[in-house]
Amino acid sequence: MAKDGDPNLIRFPRALADRPYDFSFSGLKTSAITFVEKAAARGELPDLADVAASVQEAIVDVIVKKTFNAVEATGVETLGGGGGVMANSRLRTRLREEADRRGVRLCLPSPILCTDNGAMIGVAGSRLLETGQFSSWSSGVDPGLKLGS
């Protein structure tokens, strides 16, 4: 939907501008919801494509800015990315533009390879369950947990 909207029509906030590497989009979400609710209350429901494009632009602005803050701080000459977010064409375009502007090599997989890891987690969980391995609802988080044997 964002591809069909005007990304500059609504100026949503860019979060944590004073913190060079931190991300938070909860304020943006609240701002977008409030914008739509206020417009609806006035009987002026905005074009949702414009809202989507404007929200996307705010998110992309923050991701690109924070990413290149890190590039600048570390001096890396090659930047890579992956995961579901890298399937977003606007983000890919803006990262490419900024990398080219700064002379940084950008390495991104094809969008079809930029997927969420949820499917892998589901398959891993299913296989563990099939072998009788499961965790109780009160289990804690273990980021170093090994899957399988």
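A residue is called buried when its relative accessible area is under 20%, exposed when it is over 50%, and partly exposed in between, as computed with a 1.4 Å probe on protein chains only. By this scale Phe35 is partly exposed, with a relative accessible area of 29%, whereas Phe12 is buried, with a value of 3%.

The structure is a predicted model, in which local features need pLDDT of at least 70 and side-chain atom pairs count only at pLDDT 80 or more, while totals for chains, interfaces and linings use all residues. Residues are numbered from 1 along each chain as its sequence is written, and side-chain values use heavy atoms, with hydrogens and water left out.

**Aromatic pairs**

A pair of aromatic rings is described by the distance of the centres and the angle of the planes. Rings of Phe, Tyr and Trp (its six-membered ring) pair if their centres lie within 6.5 Å; planes under 30 degrees apart count as stacked, over 60 as edge-to-face and the rest as tilted. The whole structure contains 2 aromatic pairs. One of them joins Phe12 and Phe35 edge-to-face, with 5.8 Å from centre to centre and 85° between the planes. Phe12 lies in the segment before helix H1 (26–41) and Phe35 in helix H1, so this pair ties together parts that are 23 residues apart in sequence. Helices (H or I, at least four residues) are DSSP runs, numbered from the N terminus.

**Salt bridges**

A salt bridge is a side-chain nitrogen of Lys or Arg within 4 Å of a carboxyl oxygen of Asp or Glu.

| Glu44 | Arg42 | 3.1 Å |

The bridge between Glu57 and Arg94 links distant parts of the chain: Glu57 belongs to helix H2 (residues 48–74) and Arg94 to helix H3, 37 residues apart. Asp61, also in helix H2, and Arg94 in helix H3 are 33 residues apart. Asp61 is buried, with a relative accessible area of 18%, and Arg94 is buried at 16%. Glu57 is buried as well. By contrast, Glu44 is partly exposed, at 46%. A network of salt bridges links Arg14, Glu57, Asp61, Arg90 and Arg94.

**Arg92, a buried residue without a salt bridge**

Arg92 lies in helix H3 (residues 89–102). Lys and Arg count as positive and Asp and Glu as negative; His and the chain ends are not counted. Arg92 is buried yet has no salt bridge, and the nearest side chain of opposite charge, Glu97, is 12 Å away. Which residues does Arg92 contact, leaving aside its neighbours within four places in sequence? They are Met86, Ala87, Leu108, Pro109, Ser110, Pro111 and Cys114, where contact means heavy atoms within 4.5 Å.

**The surroundings of Lys66**

Lys66 is found in helix H2 and is buried, with a relative accessible area of 5%. Not counting residues up to four places away in sequence, Lys66 touches Ala15, Leu16, Ala17, Arg19, Pro20, Tyr21, Asp22 and Phe23. A polar atom of the Lys66 side chain lies 2.5 Å from the backbone oxygen of Leu16. For the backbone oxygen of Arg19, the distance to a polar atom of the Lys66 side chain is 2.3 Å. Lys66 and Ala124 are 58 residues apart in sequence and 33 Å apart in space, C-alpha to C-alpha.

Definitions and conventions: Helix = DSSP H or I, 4+ residues; strand = E, 2+ residues; numbered from the N terminus. Polar contact = N/O pair within 3.5 Å; in protein donor to acceptor, adjacent residues only side chain to side chain.
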